[in-house]
Amino acid sequence: MTPSNTRNEQNTPNPPASVVASPTLSATEITTPRLRLRKAHDADRAGFIELQTDPQVRLHLGGPRPVAAVEQYFDTMGVAHVTDKPGTFVIADRTTDDLVGTLLIHRRPAALPGHVTEEGGELELTYVLRRPAWGTGLAFEAATAALRAAASELPDQPVLIVTQTANTRSLDLAARLGFRRVSTFEAYEAEQALAVADLHSFLAG
Ligand SMILES: CC(C)(COP(=O)(O)OP(=O)(O)OC[C@H]1O[C@@H](n2cnc3c(N)ncnc32)[C@H](O)[C@@H]1OP(=O)(O)O)[C@@H](O)C(=O)NCCC(=O)NCCS
């Protein structure tokens with residue numbers, strides 16, 4: 001999602017057939033007490049640009065991108081393009097509809113390192129919040145709702161989170177969500193942690 005080609009965001013122009021055939025969640029809107037997970041629209045442009053260019057947000061994601069390059073990307077591709085794939089959401093404030101961050105549940109390409117099955121293509125959760133929204137529980141709220149929606153649609157299976165071991169906020173969030181850290185590996189010139197949870201552990205009780 002968003003302009004890609006950074007060290008922690010991989011393009012997969014030709015994913016294996018097994019991955020193409022494996023669904024992610026089909027929901028296009030999910031609401032929580034404070035948030036609405038929805039598809040992107042033009043008013044999200046400034047928020048997306050901030051996410052891509054903020055040094056703190058991008059600290060463990062390959063670093064900030066040049067503003068001009070991000071502007072050019074949106075000029076060329078438009079904003080709605082960012083969330084056109086299933087399982088890809090803007091996290092928006094439920095009252096103001098302002099972009100708070102983004103969340104993605106997709107299939108982790110088998111060609112990347114970091115898997116718990118031999119064939120790869122497991123579900124993977126990623127999340128990014130604008131800096132002012134950190135420390136308010138919004139990432140947890142968004143992730144819990146998205147995982148619950150996926151669990152209600154899909155058979156039980158592993159879900160992954162892959163994050164730099166230096167990214168303590170992300171690791172703490174993974175642990176709060178109930179993900180277990182199972183291994184580490186080197187990629188993008190940094191140590192990465194692989195954490196896993198069972199999808200159906202997120203079903204509403
Ligand atoms: C990773 C990231 C999403 C975590 O955000 P976060 O705000 O720390 O995560 P949570 O939503 O779980 O919020 C937890 C914090 O909110 C606080 N909080 C406040 N109100 C809360 C509430 N109602 N419910 C839960 N937590 C609440 C918690 O005490 C905790 O604070 P602390 O971190 O100071 O101890 C964020 O740091 C980020 O966007 N980082 C940059 C992008 C990135 O690296 N993403 C990882 C790629 S996989």
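How many helices and strands are there in the chain? In this predicted model, the chain holds five helices and eight strands, and along the sequence these elements follow the pattern α-β-β-α-α-β-β-β-α-β-α-β-β. Of the 205 residues in the chain, 36% are buried. Among the contacts with a separation of 6 or more, 69% are between residues 24 or more positions apart.

Eight strands form an open sheet with mixed pairing, in the order 1-2-3-4-5-6-8-7, and its edge strands are strand 1 (30-31) and strand 7 (180-187), each of which pairs on one side only. Strand 1 runs antiparallel to strand 2 (residues 35-38), to which two bridges join it, and here I30 stands opposite L37 of strand 2.

Further along the sheet, strand 3 (residues 88-93) and strand 4 are paired in the antiparallel sense over five bridges, with F89 having L103 in strand 4 as its bridge partner. The hairpin made by strand 3 and strand 4 has five residues between the strands, and in this hairpin D97 takes a positive phi near 70°. Strand 4 also pairs with strand 5 in the antiparallel sense, this time over seven bridges, and H106 stands opposite E124 in strand 5. Strand 4 is itself mostly covered, since nine of its nine residues are buried.

The helices can then be placed against this sheet. In helix 2 (residues 45-53), the residues G47, F48, L51 and Q52 are buried; they lie on the same side of helix 2 because the arc they cover around the axis is only 135°. An α-helix has 3.6 residues a turn, so residues three or four places apart point the same way. The buried residues of helix 2 pack against helix 3 (67-77), strand 4 (99-107) and strand 5.

Helix 5 can be read in a similar manner. Its buried residues are S170, L173, A174 and L177, and these are on the same side of helix 5 because they cover an arc of only 100° around the axis. On the other side of helix 5, by contrast, T168 and D172 are exposed. The buried residues of this helix pack against helix 4, strand 6 (158-164) and strand 8 (190-198), and helix 5 is followed by G178, which has a positive phi near 105°.

Which residues touch the most other members of the largest nonpolar core? This core has 48 residues, and those with the most contacts to other members are I91, L103, A142, A143, A146 and A150, while helix 4 gives the most to the core, with ten residues.

Of the 20 residues around the ligand, L129, G137, A139, F140 and R169 come nearest. Strand 5 (123-129), helix 4 (138-153) and helix 5 (168-177) each supply at least two residues of the shell around the ligand, and this shell has, by class, ten nonpolar, eight polar and two charged residues.

Note on methods:
Residues numbered from 1 in each chain as written. Predicted model: local features only at pLDDT ≥ 70, side-chain atom pairs only at ≥ 80, totals over all residues. Near = placed C-beta within 6 Å. Helix = DSSP H or I, 4+ residues; strand = E, 2+ residues; numbered from the N terminus. Nonpolar A, V, L, I, M, F, W, Y, C, P; charged D, E, K, R; others polar. Buried ≥ 20, exposed ≤ 12 C-beta atoms within 10 Å, placed from the backbone. Arc of directions from axis to C-beta. Contact = placed C-beta atoms within 7 Å. Core = buried A, V, L, I, M, F, W, Y, C linked by C-beta atoms within 7 Å. Pairing = 2+ DSSP bridges.
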